[in-house]
Structures are given as C-alpha cells and as structure tokens.
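Here is a friendly briefing to read alongside the sequence and the 3D view.

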Amino acid sequence: MKRLSPSLRVIRLLVATVVFLGLVAGFAGSLPSVWAGIFAEPQLIPSLMRAVAGVGGFFLVFWLVVSLLAGRIYCSTVCPLGILQDIIWWVRGRAGIRRLKPAKAHNFLRYGILSVVVLGAICGVWTGVALLDPYSLFGRVAAGVVRPIGLWMAGIGGRLADGGGLGQIPGFGLSSVVAGIFLVGLSGAVAWKGRIFCNTICPVGSFLGLLARRSVFRLKIDPAKCQKCGNCLRVCRAQCLDLKAQKIDFSRCVVCLDCVSICDEGAIQYERGDEKSAAAETPPSDPVLRKTLVRLATAAVSIAAVPHVLARPEGKGAGGGGKGEGHGGGSRELAPILPPGAVEMDRFLDRCTACGLCVANCPTMVLQPALLELGWRGLFQPILDAEAGYCAYDCMRCMEVCPTAALTPMGLPLKQRTRIGKAEFHKRHCVVFAEETECMACAAACPTGAIKGRRFRGHLELPEMDEDLCIGCGACEFVCPARPIRAMRVNGERQHSELPAIL
C-alpha cells in the first residue's frame, strides 16, 4: 500500500469531484431524473432508508464493509457535506490561516448524539436521522441557497432588481434563510476547527468511526522516519494526528491521505494494521461516559415513546397543517398536501429525510420545504404549496429522483388517478360572484374536468365542483385571481386514494 497511497489520493479526489458536481447539478435541477437519482443513491442514510423500506440497501452494506476494511473513506469521497467542508478547508488554507493543533476526541458528545439518534430510530422516531444526515443537510443547503441564487443569476429572479425583494426569488423562503445560516455556521466551524462537525455532531461520522477503529487498513506513523516537521499537522482537517505521541486516531480520520502526500520522509503510510495497534489507538472505557450514555439512551427512549410530542399532525384531512393564510388566507386550517407517491402521512414522515432533491427538481416549484405544517417530525419535508405552483398532470419527477423510497414510483396513468388532496370552492371569494366578472380560469386549468361552469345571473358562469373527479393537483388554486383569499383552496389527504379509471 505504500506506493499506492499517492495514487489512492488522486483517485479519491477524482471520485469526490465527480460526485460533488453530480449532486450539485442534481439539486440544481439540471440533470435528467435517472442521473439525479444515480448520484444520490450511494449516500449512506438514503440507502439505510431504502433497506428499512425493503426496497434496496446495497450501498448500506457496501459502505459498512468498506469502513471495516479501509476506514472512513465514505466521509471524504462520497459524502457531499464532507466534500463541501473540504472545499471550505482548501479556501481556508489559501487564506493563510494558521494550522490547527491536535484536538482531543469529544467522545462524550459524538457518541451521545449517536445514541440518541439510533435509539430514537429504533423506537420509530427518525427525526434525528433526518435532521443530522449529512447528505440531507447538504441537500437543504443546495436546494435552499444554491438553486435560488442560480435562478436569480440566470435572470429568472430579475424581479429583485425591480424592487420585488428577496421573496420574489423563485424558491426562496424561510427554509432558505435557515439553510444559509447553517452554511455560514458550517464555514466558520471549518475555519476554526476543521472537520469538527463530522467528528462531533454527525451521527454517520460517529458510526463509521466505530467501524474504523478496527479497520484492516489504516494510516500509521513510522517513528524512525518522522522528523516532526509539522507538515502533516498543517493539512490534517480532522485534528486526529498527534505528532508528539506519533499516533493517529483513526476513528476520526477521514482518509483524505493529504498527510501521506505532504510527508517528504514517507513517515506516514496507509497500510495493513494489526490488533495490537488497533487496541493501542482505542481509548480505554470511561465509566462516567458509560453512565452518561445510559442516561441519554433513557431520554431518547422516553421521547420516542411519546411520538405525539414530536408533533404528529392533527386536524382535518391530512391531519394538521398550517393556518389558511399559507394557502390563501382565512382562519380555516388547511391540511398539508403531500407529494404524489407519499401514499400515507405516517409512512411518509418515517421515510423522508428532507434532503430537498424533489423540491429542487420540481419543474413547477409547487413543492416547498415544510416548516411546522407537518409538525416537528416533518420539518423541511416537502409539501405542495398551491399558491406557488401546481402538480403538473404529466410529471413524475419527484418520485423518480427520491433516494429514500419515501415517494413510491408509479406509472403515469396511476399518478393521474391518485388523489393527493381535494379542492374546495368558496363562492363568496370568487370574482364571478363578488365582482360579477367573467373568469373560469380554474375550469380551464383543471386537468381532470372536475370544475364545470353553471349559469349565474344570466350572462356569467360560476364554477361548480365535481369532487369525484378532483385529484388535488392545485392548478385551480394556483390560477385563481381572487385576493387576498383565493376562491379555490386545496386540502391535503392524509391517505392518498385511487380514483376509478374513468378520467
């Protein structure tokens, strides 16, 4: 492995570059659905979710085996948030910021968070997994920050120059603000302490670190060759290299191989380890840490045992949702509309990690990240906002790109017969009724013919709903000109249903 180490670093950089650019393009909505899904499929947590759903999981097994053999290669090669941190780290180095000193492992925090997340998942609460999954965190940044900026730069957001404000940028909202704050915080953390997020907070990094402790191949320092020049410390982003003791904490090492490349003496090599060296690098157990982890585990079980505390949606239709202002105003609560393929509320909440890939790839921008419409369990998960767009009748892109099987793929004929919501007509808000003005825009936009016109006051037509034909796509609400409250408003269905094949 000694001669192979430099070549492995080049391969790592090439793979990381391709993966990162592919994911960025996928979240920018500029890749075909198949390719967007291919770049997302190798991610660890989405693969775990597919395995739980019983529809895959090959890459889950693959990365577990790789980590046992070679350490945390996933973190430096495939994880987009890790690659993003490496880019920030590279910029940091070019800015001339001083090198980092070796840091102690924050095992109390890293394994405490991992325990809470894992035990919560075992008890059926996947909120911690969804909120801390590095792929999904990157996706929320890409979909909430990068894509709106790209649209604005492309000229679609030109209304900003006309005084429209940030709210006029397509796709920009409160979730974008949250994603932007996270990106700024992450950049500051990398500049301050390198990969501190990966080795302190990220449950994926902590879990793979446990496997890496006993990996077959590992980085080691040869005391006979080491001149203690400090070059390796300058490039170690994980702060896992202790030059004084001439040891490497391989549970925190992300196998970037930069230290191997920069060592002129060849003192650091990536080679087969042994049980003796692995045991020496594993810190002794801490009884205080064990007691604390037990308490954290107890807390996680207690929280998971009361899922309604984590805001299982309540209310009409899909259960819960925001106030009517989010979908046209008024005091009546509107149930959130789940994307096609979600099938059922609880199933969707358990499988979606809120990565935002479907949001970024929605051609009509009807999919938007939820805030509290779905409760805490559904934070940042996609819902339809019929004021922002509508679910195109012949589009299945969200189901095609979903990497976690939260959105079940279906044929187009079935999708066109699947009811995800139901439109309601409020006559007193309709411009035909209130202003005696011709309209019927809703009927023209309805793809299933659920809205017909009936004679009104002699020369006008007033919309009339046939609820048996409505699929809840939101086209009628989107085009409705009534303001501030729209005459057509869509309530989401908690359980999606199939209409008879008569459309």
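A salt bridge here is a side-chain nitrogen of Lys or Arg within 4 Å of a carboxyl oxygen of Asp or Glu. With that in hand, a search of the whole structure turns up 14 salt bridges. Please keep in mind that this is a predicted model.

**Salt bridges**

- Aspartate 258 and arginine 237 meet through their side chains in a salt bridge, at 2.0 Å from N to O. Aspartate 258 belongs to helix H13 (residues 258-262) and arginine 237 to the loop between helix H12 (231-235) and strand E2 (241-242), so this pair ties together parts that are 21 residues apart in sequence.
- Aspartate 258 is buried, with a relative accessible area of 10%, and arginine 237 is buried as well, at 5% relative accessibility.
- Arginine 377 pairs with aspartate 350 in a salt bridge whose closest N and O atoms are 2.9 Å apart. Because arginine 377 sits in the loop between E5 and strand E6 (382-384) and aspartate 350 in helix H16 (residues 345-351), the pair ties together parts that are 27 residues apart in sequence.
- Arginine 377 is buried, with a relative accessible area of 9%, whereas aspartate 350 is partly exposed at 25%.
- Glutamate 498 forms a salt bridge with arginine 417, and their closest N and O atoms are 2.7 Å apart. Glutamate 498 is in strand E10 (residues 488-498) and arginine 417 in the loop between helix H19 (412-415) and strand E7 (418-425), so the pair ties together parts that are 81 residues apart in sequence.
- Arginine 417 is buried, with a relative accessible area of 18%.
- One network, joined by salt bridges that share partners, takes in Arg9, Arg12, Asp86, Arg195, Arg237 and Asp258.

**Aromatic rings**

- The whole structure holds 12 aromatic pairs. One of them is edge-to-face: phenylalanine 58 with phenylalanine 59, at 5.1 Å centre to centre and 75° between the planes.
- Phenylalanine 58 is exposed, with a relative accessible area of 60%.
- Phenylalanine 433 and phenylalanine 456 make a tilted pair, with 5.9 Å between the centres and 40° between the planes. Phenylalanine 433 lies in helix H20 (residues 431-435) and phenylalanine 456 in strand E8 (residues 451-456), so the pair ties together parts that are 23 residues apart in sequence.
- Phenylalanine 433 counts as partly exposed at 25% relative accessibility, while phenylalanine 456 counts as buried at 10%.
- Phe58, Phe59, Phe62, Trp63 and Tyr74 come together as one aromatic cluster.

**An enclosed helix and a surface patch**

- Helix H11 (residues 203-212) is largely enclosed by the rest of the structure, because eight of its 10 residues are buried. Among the buried residues of H11 are Pro203, Val204, Leu208 and Leu211.
- On the surface, Leu174, Val177, Val178 and Ile181 form a nonpolar patch with about 340 Å² of accessible area together.
- Leucine 174 is part of helix H10 (residues 174-193) and counts as exposed at 52% relative accessibility.

**Cysteine 362**

- Look for cysteine 362 in the loop between helix H17 (357-361) and strand E5 (367-369). At 9% relative accessibility, cysteine 362 counts as buried.
- Leaving aside residues up to four places away in sequence, cysteine 362 touches Arg147 and Leu367.

Methods
Residues numbered from 1 in each chain as written. Predicted model: local features only at pLDDT ≥ 70, side-chain atom pairs only at ≥ 80, totals over all residues. Heavy atoms only, no water. Helix = DSSP H or I, 4+ residues; strand = E, 2+ residues; numbered from the N terminus. Buried < 20%, exposed > 50% of the residue type's maximum accessible area, 1.4 Å probe, protein only. Contact = heavy atoms within 4.5 Å. Phe/Tyr/Trp six-rings, centres within 6.5 Å; stacked < 30°, edge-to-face > 60°. Patch = residues over 30% accessible without salt bridge, like charges linked within 9 Å, V, L, I, M, F, W, Y side chains within 5 Å. Areas by Shrake-Rupley, 256 points an atom, 1.4 Å probe, with all protein chains shown as cover.
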